[in-house]
Amino acid sequence: MGYNDRGGGGFRSKNGPREMHKATCSDCKQETEVPFKPSGDRPVYCRECFQNHRPKRY
Ligand SMILES: [Zn+2]
């Protein structure tokens with residue numbers, strides 16, 4: 001209807017412009033959210049599994 005959110009406003013936090021996308025973890029199959037758009041040809045992991053799949057430091 002008629003409210004513009006151009007100008008004015010300002011109570012929307014700009015600290016978190018990250019858009020979260022729902023995805024299913026390729027490992028544990030739980031639903032998770034990732035800060036990038038799952039492309040489908042790459043496995044997506046939830047936070048816990050991501051830790052497990054992260055390269056180890058030597
Ligand atoms: Zn997982």
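Figure 1. In sequence, the donor residues of the zinc ion follow the spacing C-x2-C-x17-C-x2-C. The pair Cys-28 and Cys-49 links distant parts of the chain, 21 residues apart. Cys-28 sits in the loop between β1 and β2, while Cys-49 belongs to helix α1, residues 47–53. Which atoms are the protein donors of the zinc ion? They are the SG atoms of Cys-25, Cys-28, Cys-46 and Cys-49, lying 2.3 Å from the ion. The site is tetrahedral, with angles of 104 to 115° among its 4 donor atoms.

Figure 2. Is Cys-49 buried or exposed? Cys-49 counts as buried because its relative accessibility is 8%, and the cut-off for buried is under 20%. Cys-28 has a relative accessibility of 32% and therefore counts as partly exposed.

**Figure 3. The chain as a whole.** The chain contains 1 helix and 2 strands. Along the sequence they come in the pattern β-β-α. Of the 58 residues in the chain, 14% are buried. Contacts between residues at least 6 apart in sequence include 4% that join residues at least 24 apart. The mean pLDDT of the chain is 81, and 71% of the residues reach 70 or more. Where pLDDT is low, the predicted coordinates should not be read in detail.

**Figure 4. Thr-32 in strand β2.** Thr-32 is part of strand β2, which covers residues 31–34. With a relative accessible area of 13%, Thr-32 is buried. Which residues does Thr-32 contact, leaving aside its neighbours within four places in sequence? They are His-21, Lys-22, Ala-23, Cys-25, Tyr-45, Cys-46 and Arg-47. Two residues in that list, Cys-25 and Cys-46, also provide SG donors to the zinc ion.

Figure 5. Lys-29 lies in the loop between β1 (21–24) and β2. Its phi is positive, about 65°, although Lys-29 is not a glycine. Why does Lys-29 count as exposed? Its relative accessibility is 58%, and exposed means over 50%.

Figure 6. Pro-38 is found in the loop between β2 and α1. Its relative accessible area is 27%, so Pro-38 is partly exposed. Not counting residues up to four places away in sequence, Pro-38 touches His-21, Lys-22, Ala-23 and Val-44. Pro-38 and Lys-22 are 16 residues apart along the chain, and their C-alpha atoms are separated by 8.3 Å. His-21, Lys-22 and Ala-23 are also among the contacts of Thr-32.

**Figure 7. The largest pocket.** The largest pocket has a volume of about 380 Å³. How many residues line the largest pocket? There are 20, and those nearest the centre are Val-34, Pro-35, Phe-36, Tyr-45 and Phe-50. Helix α1 gives the most, with 4 residues.

Definitions and conventions: Residues numbered from 1 in each chain as written. Predicted model: local features only at pLDDT ≥ 70, side-chain atom pairs only at ≥ 80, totals over all residues. Heavy atoms only, no water. Buried < 20%, exposed > 50% of the residue type's maximum accessible area, 1.4 Å probe, protein only. Contact = heavy atoms within 4.5 Å. Donors = N, O, S within 2.8 Å, 3.2 Å for Na, K, Ca; no water. Tetrahedral: all angles 85-135°; square planar, octahedral: opposite > 155°, others 65-115°. pLDDT = per-residue confidence, 0-100. 1 Å grid on protein atoms, 1.4 Å probe; cavity = no way out; pocket = protein on both sides within 12 Å on 5 of 7 lines; lining within 4 Å. Points joined across faces, edges and corners; volume = space filled by probe spheres on them.
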